[in-house]
Structures are given as structure tokens and as C-alpha cells.
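Subject: The structure, and some notes on it

Hi there,

Here is the structure I promised to pass on to you. My notes follow below it, so please have a look first and then read on.

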Amino acid sequence: MPPRSNPTIRQRRLGAALRQLREQAGMSASDAAALLGVDRTRISNTEAGRFGISPARVRTLACNYRCPDPVLVDALADMARDHTKGWWEEYRGTLPAFFLDIAELEWHACRIRNALTSHIPGILQTEDHVRAIFDHVIPSLPADEIDLRVSHRLQRRRVFDREDGPAYDAIVHESALRMQFGGRGVARAQLRHLLEAGEHDRVTLRVIPFEAGGFPGAGQTILYACGPVPGLDTVQLDTSHGSVFIDSDMQLANYRQLFDMMERCALNEAESRDVIHTIAKQL
């Protein structure tokens, strides 16, 4: 089987975790290859997500790497076993890969933490709001491309329909709530949708008001997808050129601390709902 040309974020995440375990064990790729009876290239391709690996071989490597965390080993074996094609696969080849990676991250997360200062969280946007955002993309997108992006973004909500879906915690700055993408009517409907979403059992929505002043993470759009263990967490950052995905232990620890600090700057849920109600009435 030839190597994958475009491994998904989950495939790359599994490979990165295996590489980290190998490096922590002080073993070379050649050493790991000898354990499995394969050549060094196979290990390199597996760690890059370009080749799959069986759960049994994951456990063999973890044992020889002396991994002390059985929960992590079980989680890696599950990732290797999972060959499910998610709903986002219908967009492969028609949308940029990072759109699909975000959906895959959300679908497999145990918890999602989202922080935004200039936009409503994508997974909580209404159709009209989404369309208005993509209407402002430069260079302008063709109509069929906009339709695909809108459809994909709305389908991301399906994660909330799962009985075992992740908890979702969003921190939104007041400035994002006051942006009027699509005009007053669209903005008003978007805020009402936010209030309805906040009533979901697994959704926590909190607002950082203007009165909070400066705060850590201002200006950033961050999605923190929690894995079954902290070592499998992934951070996704929005940039003007697409998404950046981060998974190093030190950076993950920094973003966990950042979210904790942002939560301390935010209003509680009840106060946040009051702010959203007030802004909606002013539109």
C-alpha cells in the first residue's frame, strides 16, 4: 500500500505521539524498525502519519519504549484501530484539508475549549452568519465554494447530537457579540441562536466584557481539543492563511494556562446570558 499523500490530523497526531515516545526512550528510528521487523522508512512514514499501524504494533512499540502510562497506550491503540470515515470525508478534495481536520478534531475530542475575540465560535454560527463571513473573504470565493464551506460549518454541529459527545466550553469577547455580519437582523438571530445553544447540557458559554480590560489571549482564535489523556491534546489556531495545529507538551501546557486565565476574566454563565440578551435588544 502506498503512503498516504495527505494524512488527517488524527493520523498525524498518532504518529507524533509514537515519535515522542521513541525519542523519550532514547531510541532511533532504526531501533524501532528492528523491533517490528521493518525498515527505517516504515517507521518514519508511520510517525508522519503517512502509514497506518496496527493496535498490536502500537502496544509492542510502547512496551519497548517503556511507556509508563497504560491509559495513553490504550488511547493510542484505539486511534490505530479507528478507521471510521467521518461525515467530513464527503468534503475531501473540495475544501482545504484544514477544514476537515477541525471537524475531525472536534468529533474525537473528549472536551472542546474555544476562545474568540472577534468572531462567534464557528460551531455555533447560524447559516446566514456563516455565509456573511465567507462573503467577506479576499479574494472573493465562487458561489459554489461558499455553499460548500457553509454546509461544512453547519454540519460541525452534529457533534452535539452524539450521546457521548464532548463537553464544549466557549469564551467569547463582547466585541465578537457586537459584530454585525450580515446586518442587524442576521446579528440578532445569531445572538438568539447563541442563547439557545447555551441551554444545551454540554455547552458552557461565557463572555469577557469590555469592562474586563486587557486579558491574556486577546486577539486570538483558539480551539483546544482535549484527548483521552493530556498528552493527546491538540490546539488549533486560526490564521489568515489557514489553520496551525500544535501538540508539543510545553505549548499545550501554555494554552491550558491561557484558557484558565481567560476564564477568570470572563463572566459566569448567567451574567454572560444577560450580556447577550442586552446586546440583542440593542440591535
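Let me start with Q155, which sits in helix α8 (residues 143-155). Please keep in mind throughout that this is a predicted model. Is Q155 buried or exposed? Its relative accessible area is 17%, which is under the 20% cut-off, so Q155 counts as buried. Leaving aside residues up to four places away in sequence, Q155 touches W87, E90 and Y91.

Helix α2 (residues 29-36) packs against helix α3 (residues 40-47) with the axes 8 Å apart and at an angle of about 105°. That angle falls within 65 to 115 degrees, so α2 and α3 are roughly perpendicular to each other. On the α2 side, the contact is made by A29, S30, A32, A33 and L36; α3 contributes R40, I43 and S44. Sorted by type, the residues of this contact are five nonpolar, two polar and one charged.

Two other helices are worth a note. Helix α1 (residues 9-24) has 16 residues, and the distance from its first C-alpha to its last is 22 Å, close to the 22 Å expected at 1.5 Å a residue. Its buried residues are I9, R10, R13, L14, G15, A16, A17, L18, L21 and R22. After α1 comes G26, which has a positive phi, near 75°.

Helix α6 (residues 97-108) has 12 residues, which should span 16 Å at 1.5 Å a residue; the end C-alpha atoms of α6 are 17 Å apart, which agrees. The buried residues of α6 are F99, L100, D101, I102, A103, E104, L105 and E106.

Finally, the cysteines. How many disulfides does the structure hold? The count is zero. C63 is in no disulfide, and the nearest cysteine sulfur, that of C67, is 10.0 Å away. With 54% relative accessibility, C63 counts as exposed. C226 is in no disulfide either; the nearest cysteine sulfur to C226 belongs to C110, 7.6 Å away. C226 is buried, as its relative accessible area is 14%.

That is what I have for now. Do write back once you have had a look.

Best wishes

Technical notes:
Residues numbered from 1 in each chain as written. Predicted model: local features only at pLDDT ≥ 70, side-chain atom pairs only at ≥ 80, totals over all residues. Heavy atoms only, no water. Helix = DSSP H or I, 4+ residues; strand = E, 2+ residues; numbered from the N terminus. Expected span 1.5 Å × (residues − 1). Buried < 20%, exposed > 50% of the residue type's maximum accessible area, 1.4 Å probe, protein only. Disulfide = S-S within 2.5 Å. Axes fitted to C-alpha atoms, helices over the stretch in contact; angles between N-to-C directions. Parallel < 35°, antiparallel > 145°, perpendicular 65-115°, else oblique. Contact = heavy atoms within 4.5 Å. Nonpolar A, V, L, I, M, F, W, Y, C, P; charged D, E, K, R; others polar.
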